[in-house]
Amino acid sequence: ERAAREVVSDAQPFAAPPAELVSDDGRFRVRWLFARNRRQAGPATAEVVIERWPLSRIIPDLVASGRLRDAVERIGSSDEPGRERAEQLDHVAAAIVTRALVRGTARTAAVDAIARARLEQLREHLVPLLDSESVYLRRRVVRAYAAIGGDLQPLRVHLSSEDPAVARMVARALKASGQGRFVAAEVGASLANGPVSIAILGVLAEVPSRSAMPRLLQISESGGREARRAAFAALAAIAAEPEATRTLIRATRNRDAGVRIAACEALARSSADLSAYRAASRALRDRDHRVRGACATAAARLSPAAFRRKLRLFDGEQPLAVQLGLARALAVVPGAAALKRLLALGQTADPEVRLAVVRSLVERSEPEARVAVDEMASDGNVSVRLAATEHSSSTTTLTRALSDPAPRVRFAALERVARRDGRVGAVDQALALLGDGQEALQVAAAGAWLGARLAE
């Protein structure tokens with residue numbers, strides 16, 4: 001042993017060993033045999049020994065030192081049980097999202113990932129972003145904060161936001177948390193004592209307020225086009241009130257096509273009575289094709305069985321707006337004839353109509369509808385493929401989608417596979433997507449992986 005140490009000392013300095021040969025404890029080990037037979041001694045039988053810690057020990061160290069790519073590769077090369085790999089991948093994925101949010105290098109992708117996976121541990125990082133100067137980012141932050149749930153106090157101030165999208169998201173979140181009365185009282189007072197606000201009217205469409213009905217009726221009769229449209233939507237939320245329903249019905253006969261469209265769109269979201277169906281049904285012969293499309297959706301939603309008898313009105317080539325309205329309507333219309341017509345609309349050249357077809361097909365229960373959804377997962381339009389992939393259970397469809405050229409489709413397929421088969425069986429697919437070189441795509445993949453936990 002003394003002689004060996006002397007030889008090693010005399011041979012120094014040594015070149016730095018390759019990083020891939022270093023053990024997890026930072027040491028470089030060589031096993032060297034001392035033998036009388038020279039053919040067995042020295043380099044002839046020397047071997048490098050690499051000691052590897054279990055994932056539960058090495059992954060926290062790699063995450064703490066910011067070596068997230070190494071952590072992903074380590075899980076990928078591990079032969080430990082799938083459950084342990086999945087658990088450690090959770091830590092790495094959460095760290096990827098956290099780093100992007102804190103650094104601000106892929107902040108929007110990180111916020112979307114938080115919303116997708118409801119990462120409560122990152123709530124405090126969202127609060128400063130609620131006041132972002134970017135409307136685009138602020139909307140996403142509100143959506144993420146609302147998705148997490150729990151303490152929504154920081155969202156309350158944004159109920160009076162001038163951005164209608166933000167105000168409505170906040171209203172929905174507060175209503176879901178049992179604060180609907182507070183919302184109704186707050187916005188009702190603002191509407192009664194202040195100027196007409198599209199954002200406030202949008203909130204009332206989410207949280208009905210009967211006390212606001214007199215003001216809503218006034219706006220629906222004399223407000224500007226956008227204000228009237230928003231007021232109609234708010235009235236639809238309280239359509240159980242006869243006067244609200246009568247106002248919407250009268251609006252379907254207004255001289256302004258925009259008003260008629262808005263009235264039909266509101267009726268489609270309402271729970272009005274048979275008189276509302278009759279009004280929407282009469283408008284199916286309107287001279288404006290946009291009105292006919294909007295009222296097709298409304299009539300079908302109000303009385304699916306009765307609307308089935310109106311399908312003959314849509315024979316022959318139809319304008320795009322009518323095709324779109326009919327595609328939305330056929331989600332709820334029963335019968336083989338309705339499904340056949342919906343499948344035919346799926347062959348149209350317009351991607352917006354095809355997207356509406358996919359969304360309607362997933363609401364139907366027939367096996368043929370499931371098959372059609374899988375087929376549309378190979379559509380030429382990204383939005384159509386994404387909508388179909390999000391609802392597919394076909395192994396063939398999801399396998400193909402995991403290598404789709406569009407990242408959004410790949411991530412949807414990952415989450416779908418993990419939810420369907422369990423995340424243990426989807427670790428390798430997740431690792432493949434997390435290995436992408438672009439940080440924003442890594443973050444999105446991490447969000448999809450963590451989002452699948454919600455199904456467990």
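## The disulfide

The link between cysteine 264 and cysteine 295 is right-handed, with 40° about the S-S bond. The two sulfur atoms sit 1.8 Å apart, and a disulfide here is a pair of cysteine sulfur atoms within 2.5 Å. Helices are DSSP runs of H or I with at least four residues, strands are runs of E with at least two, and both are numbered from the N terminus.

A search of the whole structure turns up one disulfide. Cysteine 264 is buried, at 0% relative accessible area, and cysteine 295 counts as buried at 0% too. Buried means under 20% relative accessible area, exposed over 50%, and partly exposed in between, using a 1.4 Å probe and protein chains only.

## About the model

This is a predicted model, so to speak with its own cut-offs: local features need pLDDT of at least 70, side-chain atom pairs count only at pLDDT 80 or more, and totals for chains, interfaces and linings use all residues. Residues are numbered from 1 along each chain as its sequence is written, and side-chain values use heavy atoms, leaving out hydrogens and water.

## Helices α9 and α10

Helix α9 (residues 164-176) and helix α10 (residues 180-193) have axes that come within 7 Å and cross at roughly 140°. The axes are lines fitted to C-alpha atoms over the stretch in contact, with angles from 0 to 180 degrees between N-to-C directions. That makes α9 and α10 oblique to each other; under 35 degrees would be roughly parallel, over 145 roughly antiparallel, and 65 to 115 roughly perpendicular, with the rest oblique.

Where they meet, α9 brings Ala171, Leu174 and Lys175, and α10 brings Gly180, Phe182 and Val183. Contact means heavy atoms within 4.5 Å.

## Serine 78

Serine 78 lies in the loop between α3 (68-77) and α4 (82-103), and at 16% relative accessibility serine 78 counts as buried. Its side chain reaches the backbone nitrogen of glutamate 80 at 3.0 Å. Leaving aside residues up to four places away in sequence, serine 78 touches Leu55 and Arg85.

## Arginine 31

Over in strand β1 (residues 29-31) you'll find arginine 31, partly exposed at 46% relative accessibility. Its C-alpha atom is 5.3 Å from that of glutamate 47, 16 residues apart along the chain.

Notes: A polar contact is a pair of N or O atoms within 3.5 Å; within protein, one must be able to donate a hydrogen and the other to accept it, and residues adjacent in sequence count only if both atoms are side-chain atoms.
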